[in-house]
Amino acid sequence: MSTPLPGRTLVDLNGDALAHCARHLGARDVASLAMACRPLRAAAYCDAVWYHLYRGQWPFQQVPREALGIRELYIRRHTEVHQMKFDDPLSSIYYLDPTELTPSHLMLDRNGVWFSQGPVVKRLRLGLDMELVETYRTHSARITCMRLFPLIDTPLHRSDAHRNEKALVTSSTDRTVRLCWKGQSRCYKGHSGPVTALADKLLDDGECKILATGGEDCTIRLWSMNTRAKKHPLISTLHGHEKTLSHLSVAWHKSSLLVSSSKDTKVKVWDTMAPPSSVSSSCVGGAHLNSSGPPIAIKCYESLCYIAAGSEVTAIDLRTMKKASVLELRNQRILSCEMLPSEWLICTGIKDKALLWDIRKSQELKHTVAELHSDGPVTLLHLDPYKVVMGAPWDGQVHVWETRTGHLVNRLSCDEPVKSGGRSTVSAMAVDGCRIVTAGSSSTRGSLLHYQDFLRSSVPVALPGKEVSKFWGSQEYNDEN
């Protein structure tokens with residue numbers, strides 16, 4: 001009887017075979033492959049693999065013949081594209097009816113733009129030109145909040161063919177919440193006052209997904225997203241706040257915990273897995289913010305919850321409900337705030353600039369910030385590992401800054417730069433990777449939406465002067481970016 005051959009593993013293949021296999025992976029998978037072991041790392045770093053990825057991502061962009069390897073070129077271009085460092089993005093403008101309201105809420109999806117005008121929500125399909133494809137007139141009063149959730153987690157899901165689709169959820173001052181997708185709609189009634197807050201994610205109690213809403217009636221309502229709960233979707237009503245609910249956020253470390261904040265600066269944590277009969281025991285923690293204004297932003301990360309209110313950004317440990325840290329802006333009211341806890345960064349918009357904070361240094365050097373100057377109050381703000389995008393209502397353009405250096409890298413007009421002869425404003429903004437859409441109005445052409453995609457751009461931007469933050473020095477990007 002012959003002895004069986006010893007088992008062979010993936011790393012027993014030669015380098016050329018591994019590199020050939022890696023060519024069939026995406027950039028994220030290749031990066032993951034490189035962290036497995038040394039032989040796979042060598043295959044993942046092969047120029048042939050990254051040349052294939054480069055050509056697949058930018059087929060019309062010539063691969064520069066420089067001393068850097070193809071992998072380094074890919075990383076550099078990927079970074080520059082996401083920092084919007086180009087002058088020739090794919091651009092499309094959609095002009096709105098002059099008699100209609102200026103958009104107040106704006107969201108950018110994988111292949112569409114959602115925006116609200118009073119009680120109406122519209123969706124534009126992205127392409128060479130933006131095309132209106134859906135209009136929802138399900139509310140009778142102003143829309144207060146909009147969210148997009150995976151369709152598969154909602155009762156409107158019917159087929160796996162639509163598992164990658166998103167469903168729209170809106171709240172309104174007409175006291176209702178609407179769930180919509182391609183002409184289908186569900187109405188959730190229960191609040192006795194205007195609905196002012198929607199949770200940023202769906203809760204998970206282990207059996208089904210749950211939608212949390214809050215309103216001026218000082219209550220939180222939990223709605224089942226199970227298809228079997230069509231006639232009676234309301235699971236429970238949570239009492240405990242004394243003022244209007246302002247924000248709802250699902251805890252990062254436990255998807256059944258809900259964090260709520262109200263205009264009386266009180267923060268509460270709720271365990272949504274508690275039995276409906278024990279509503280009073282659903283509240284498992286609470287805290288009071290020592291701020292001079294209501295919360296304007298909230299974000300959960302790991303076991304912490306970051307809340308911006310008044311002139312402070314407070315981090316609360318949800319396990320103990322004690323304050324982990326406080327970031328204070330003396331005599332400056334925060335108008336907007338974006339948080340990136342995974343990178344230890346917080347950006348706050350105030351009356352004439354945005355301040356970029358490294359919260360790892362907040363205890364020792366509370367004034368170590370990057371100042372990003374603006375021509376007006378910074379009410380629009382976006383923060384990601386590559387860039388800070390900020391806008392002021394009467395500026396008519398948004399500014400793009402490098403996150404790690406504080407350098408100004410681009411100015412994007414909300415109107416057509418060639419045709420802009422009058423004054424323009426910006427009312428809303430949404431950013432997704434290397435794409436951005438702004439809503440605003442022009443004194444010559446009325447309200448409009450301007451969509452810009454930098455993925456295929458090739459002409460570097462040329463700014464009239466090089467503005468550098470006086471606090472941050474030049475830094476280089478490494479492989480982890």
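Is Cys180 buried or exposed, going by relative accessibility? At 2% relative accessibility, Cys180 counts as buried, where buried means under 20% relative accessible area, exposed over 50% and partly exposed in between (1.4 Å probe, protein chains only). The structure is a predicted model, in which local features need pLDDT of at least 70 and side-chain atom pairs count only at pLDDT 80 or more, while totals for chains, interfaces and linings use all residues. Residues are numbered from 1 along each chain as its sequence is written, and side-chain values use heavy atoms, with hydrogens and water left out.

The structure holds zero disulfides, a disulfide being a pair of cysteine sulfur atoms within 2.5 Å. Cys180 is accordingly in no disulfide, and the nearest cysteine sulfur, that of Cys187, is 9.3 Å away. Cys46, in turn, is partly exposed, with a relative accessible area of 26%.

An open sheet contains four strands in the order 6-7-8-9, and their pairing is antiparallel. Strands (E, at least two residues) are DSSP runs numbered from the N terminus, as are helices (H or I, at least four residues), and two strands pair if DSSP finds at least two bridges between them. Strand 6 (143-150) and strand 9 (184-189) stand at the edges with a single partner strand each, so one side of each is left without a neighbour in the sheet. From one strand to the next the twist averages 20 degrees; axes are lines fitted to C-alpha atoms, for helices over the stretch in contact, and angles run from 0 to 180 degrees between N-to-C directions. Seven bridges join strand 6 to strand 7 (residues 166-172) in the antiparallel sense. Cys145 has Ser171, in strand 7, as its bridge partner.

Six aromatic pairs are present. Rings of Phe, Tyr and Trp (its six-membered ring) pair if their centres lie within 6.5 Å, and planes under 30 degrees apart count as stacked, over 60 as edge-to-face and the rest as tilted. The ring centres of Trp114 and Tyr136 are 6.3 Å apart and the planes stand at 20 degrees, so this pair is stacked. Trp114 lies in strand 3 (residues 112-117) and Tyr136 in strand 5 (residues 131-136), so the pair ties together parts that are 22 residues apart in sequence. Trp114 is buried at 5% relative accessibility, and Tyr136 is buried with a relative accessible area of 6%. One aromatic cluster is formed by Trp50, Tyr54, Trp58 and Tyr74.
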